[in-house]
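Have the model open and follow along.

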Amino acid sequence: MADQDEDDLRMALRLSMQNPSTPEPMLQNSPPEPKRSKPRDAAASAVAGGEASVSPDDSRRLQRELMAAAAEKRMQAAKIASPSKSVTSSATAVTGSGPVKTADSAMKEKDGSLKVCKLERELSIEEADQLFSMVFGTGVSKGILAQWSNQGIRFSSDPETSMGLVQHEGGPCGVLATIQAFVLKYILFFPHEVGKVGHSKHQNPGSGRLSKTRYVASNNFSMLTEDGRARALVKSMSEILFLCGSGDRAVIATLNNTDNGKESSSKDEIIAKALESLSIESASDLQKVLRVDTFTNEASALQRLQDTIPVFRSRMGALLFLISALLSRGLDNVQSDRDDPSLPLVTAPFGHASQEIVNLLLCGQAVANVFDGRMDLGGGMFLKGISSGVEVGFLTLLESLNFCKVGHHLKTPKWPIWVIGSESHYTVLFALDTSVQDENELEQRESQIRKAFDSQDQSGGGGFISVEGFQQVLRDASIQLPTEKVDHLCSTGFIVWSEFWQAVLDLDKSLGGLKDSSGLMGKKVFDLYHFNGIAKSDLNGSNNTAAGGEAPVQRPRLTKLKVSVPPRWTPEEFMTDVAVSSASASSGSSESKDMEVNKPEPCQHAPLVDCVRTRWARASCNWAGDPPSIV
């Protein structure tokens, strides 16, 4: 045992005398080593000279000190070589979360400082096979492949809809609508960051108003500059990709052989020529043309996106961005997000983007559901939903048809922008005023009660809970229902939301209810805008009819909706029976008018209105011209 200790001691001494991997000049500012006792020096000299006069206790003590000194020296070297987490974090493999072993592709030295740079490579055959199968499945038609390989990310040339992305092919609308939502976030609420408007004497300096709780954006989209739109697009794409990469990385998939060409040729011409004979029909076709760059630094990713905007404008743009998002998330992570990873992300037979694609771009996870959190099915099985708040949200016509229930996270995003889903298409709804999502005291109370109820609802939004869950709701929401009312609600063994809600409306506020005997709680009135980017029949012109006047041309369309929302806690019978008092009508006071509850104005109807009502119950909507289309 003594011989083993002596060998270990000699090894520790040799390790402590070796030079670290970092050059010595980089260690000049390192802190001094801890002071050690003089016996250490004498003992070290004895061991180095081959003497064995050191006692076993001193030998073990010296061994520990030498090994500690060696470890401290290497920790200092590693700390200097890796000054920040962003520099030392290596690029991870696109198929998962494991590190990629590279010598120096993750960093470079310039002007004496270390900077993160890209990791550039091509997809392997295996990765391309997994990617193609995940997106399109095994029996995909040529028509669906053509839809997804012929849709660029381009802005409308129409001044009225210049902030909007145009869709020419069916299928990729889920990708375009989600990018559109983020683009609107930057154009509307970060105009100075993207340089939204050009210099104009006619620009209204008060068009954007910012306060502690409210911001009102401008709707003068005709003043958008080309550079401003491009910056909004680049920032949106970068934000989405880093969101998919959990904030650590963004993978940008572009095309090979698009960087070279004659100086006299434009980037768009070079790319168009490269794509002339390109047809994506298999994984090998995809693997041959893809080039993948991984970035861990946002500034580098933004620069790369800026440089490759012509590629994303090309007919491959929407597909390339979807691939970028999937690779940023990691293919294995995408599959683990999904409830059924055996199904393709692009749905048959029409090639629509699945909810998993939309959710990936909205929240960074390819989950299939739109409710909050996850739903426990028992037996260790559960369904995954939206785990946290989002920047822009989602509403769907399917909720109005009772096929699903959108959770609080997607219904109340940070910014008043929503992707709208129908059975076959995705569009975008937005407001200029952030206060459309503000709630007064009673609305906040109603939201609190609904959230407590939904937390106990294991029916997937069916609107009923167990007796045990009901007791928990009463405790969480501090509601004191009379015993006879509780017994009545629990008599069937489960509690339905509509019956519980009516009981809350009839309960005095002092007992946790929302009873309003006066009914004088002002309704909300605000504006929403709906954008449908599909322009399949109007690629080149702006006339209202096609050649020969046979059929109307469908162009990108922006529709303004005037929305009126009665108080959510006011019973239906009160809304239909109570008329405005003559005293209130003749008073002329703006404050009294705000507090009045009028009968709803005649409401125009379209499927979009049903979507709006899933966010603002009983809202009435009016617009000028043709009804807004969500298909």
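Which elements do the buried residues of α12 pack against? This is a predicted model, and in it those residues pack against α9 (226-244), β6 (250-255), β7 (290-295) and α13 (309-313).

## Helix α12

Let's see which residues do that packing. Helix α12 covers residues 298-307, and its buried residues are Ala-301, Leu-302, Arg-304 and Leu-305. Looking down the axis of α12, you will find these buried residues within an arc of 165°, so they line one face of the helix. An α-helix has 3.6 residues a turn, so residues three or four places apart point the same way.

The start of α12 is worth a look too: there, a side-chain oxygen of Asn-297 comes to within 3.0 Å of the backbone nitrogen of Ala-299.

## Helix α5

Helix α5 (residues 125-136) is built from twelve residues and spans 16 Å between its first and last C-alpha, close to the 16 Å expected at 1.5 Å a residue. Its buried residues are Glu-127, Ala-128, Leu-131, Phe-132, Met-134, Val-135 and Phe-136. Viewed down the axis of α5, they fall within an arc of 165°, so they line one face of the helix.

Just after α5 comes Gly-137, with a positive phi of about 80°.

## Where α9 meets α14

Back to α9, one of the partners of α12. It also packs with helix α14 (residues 317-329), at an angle of about 35° and with the axes 7 Å apart. From α9, Met-237, Ile-240, Leu-241 and Cys-244 meet Phe-321, Ser-324, Ala-325, Ser-328 and Arg-329 of α14. Sorted by class, this contact has six nonpolar, two polar and one charged residues.

How values were computed
Residues numbered from 1 in each chain as written. Predicted model: local features only at pLDDT ≥ 70, side-chain atom pairs only at ≥ 80, totals over all residues. Heavy atoms only, no water. Buried < 20%, exposed > 50% of the residue type's maximum accessible area, 1.4 Å probe, protein only. Helix = DSSP H or I, 4+ residues; strand = E, 2+ residues; numbered from the N terminus. Arc of directions from axis to C-beta. Contact = heavy atoms within 4.5 Å. Polar contact = N/O pair within 3.5 Å; in protein donor to acceptor, adjacent residues only side chain to side chain. Expected span 1.5 Å × (residues − 1). Axes fitted to C-alpha atoms, helices over the stretch in contact; angles between N-to-C directions. Nonpolar A, V, L, I, M, F, W, Y, C, P; charged D, E, K, R; others polar.
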